[in-house]
Amino acid sequence: MAYDPNNIFAKILRGEIPCNKVYEDEFALAFHDINPQAPVHVLVIPKGEYISMADFTKSAPAELVTGFMRAVGAVADQLGLVEPGYRTLANAGDNAHQEVPHLHIHIFGGAPLGPMLDKRFSG
Ligand code: 5GP
């Protein structure tokens, strides 16, 4: 699948659509999710045209992979989530209901987050 440059996060990266920014560096942009599913729900996206984690780790320069992952950690730290705890999640493809085809890592926190996955898959 080819990257769609008209996806909503590409537009946010280009400044065509506003976002509630929490962090930015040369590798990544982080902003609050428009429809939060936890008291803290932030999205971190790499600066580049990557659809998923598989695509990103296969195609992105090592400096960008490192910089992006460091940004995820920095955002969790900046938001005060490290000590109380938080969850990161990246949906990819149809089975995971990925809505926006630009790699994004969700950061959830601010309260106990409940089980990791749907109970259907546990005993
Ligand atoms: P996905 O299901 O692709 O992992 O998650 C996409 C996320 O992007 C959803 O949590 C959704 O609420 C968020 N989202 C969709 N459109 C926008 C937008 O225009 N601005 C922001 N800040 N978040 C968005």
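Phe121 counts as exposed, since its relative accessibility of 62% is over the 50% cut-off for that class. In this predicted model, Phe121 is found in the segment that comes after strand E5 (105–109). Together with Met116 and Leu117, Phe121 makes up a nonpolar patch on the surface.

**The nonpolar patch**

- Phe121 brings a relative accessibility of 62% to the group, and its place in the chain is after strand E5.

**The largest pocket**

- The largest pocket has a volume of about 1,100 Å³.
- Its lining counts 36 residues, and those closest to the centre are Gln37, His41, Asn91, His106 and Phe108.
- Which elements each supply at least two residues of this lining? They are helix H1 (8–13), strand E2 (28–32), strand E3 (40–46), strand E4 (86–89) and E5.
- Sorted by class, the lining holds 19 nonpolar residues, 12 polar residues and five charged residues.
- As background, empty space left between atoms shows up when a probe the size of a water molecule is rolled over them.

**Salt bridges**

- How many salt bridges does a search of the whole structure find? The search finds three.
- One of them pairs Arg14 with Glu16, with 2.7 Å between the closest N and O atoms. Arg14 counts as partly exposed because its relative accessibility is 43%, a value between the cut-offs of 20% and 50%.
- Another joins the side chains of Lys21 and Glu24, again described by an N to O distance of 2.7 Å. Lys21 is partly exposed at 47% relative accessibility, and Glu24 is partly exposed with a relative accessible area of 40%.
- Glu24 also forms a salt bridge with Lys47, where the closest N and O atoms are 2.7 Å apart. Because Glu24 sits in strand E1 (residues 21–24) and Lys47 in the loop between E3 and helix H2 (53–59), this pair ties together parts that are 23 residues apart in sequence.
- Through shared partners, salt bridges join Lys21, Glu24 and Lys47 into one network.
- Is Lys47 buried, partly exposed or exposed? Lys47 counts as partly exposed, because its relative accessibility is 29%.

- Ile8 has its place in helix H1, an element that supplies at least two residues of the largest pocket's lining.
- With a relative accessible area of 40%, Ile8 is partly exposed.
- Ile8 and His102 are 94 residues apart along the chain, and their C-alpha atoms are separated by 8.4 Å.

**A backbone point to look at: His97**

- His97 has a positive phi of about 60 degrees, although it is not a glycine.
- Where is the place of His97? His97 is in the loop between E4 and E5, and both of these strands contribute at least two residues each to the lining of the largest pocket.
- His97 counts as exposed because its relative accessibility is 66%, which is over the 50% cut-off.

Conventions:
Residues numbered from 1 in each chain as written. Predicted model: local features only at pLDDT ≥ 70, side-chain atom pairs only at ≥ 80, totals over all residues. Heavy atoms only, no water. Patch = residues over 30% accessible without salt bridge, like charges linked within 9 Å, V, L, I, M, F, W, Y side chains within 5 Å. Areas by Shrake-Rupley, 256 points an atom, 1.4 Å probe, with all protein chains shown as cover. Salt bridge = Lys/Arg side-chain N within 4 Å of Asp/Glu carboxyl O. Helix = DSSP H or I, 4+ residues; strand = E, 2+ residues; numbered from the N terminus. Buried < 20%, exposed > 50% of the residue type's maximum accessible area, 1.4 Å probe, protein only. 1 Å grid on protein atoms, 1.4 Å probe; cavity = no way out; pocket = protein on both sides within 12 Å on 5 of 7 lines; lining within 4 Å. Points joined across faces, edges and corners; volume = space filled by probe spheres on them. Nonpolar A, V, L, I, M, F, W, Y, C, P; charged D, E, K, R; others polar.
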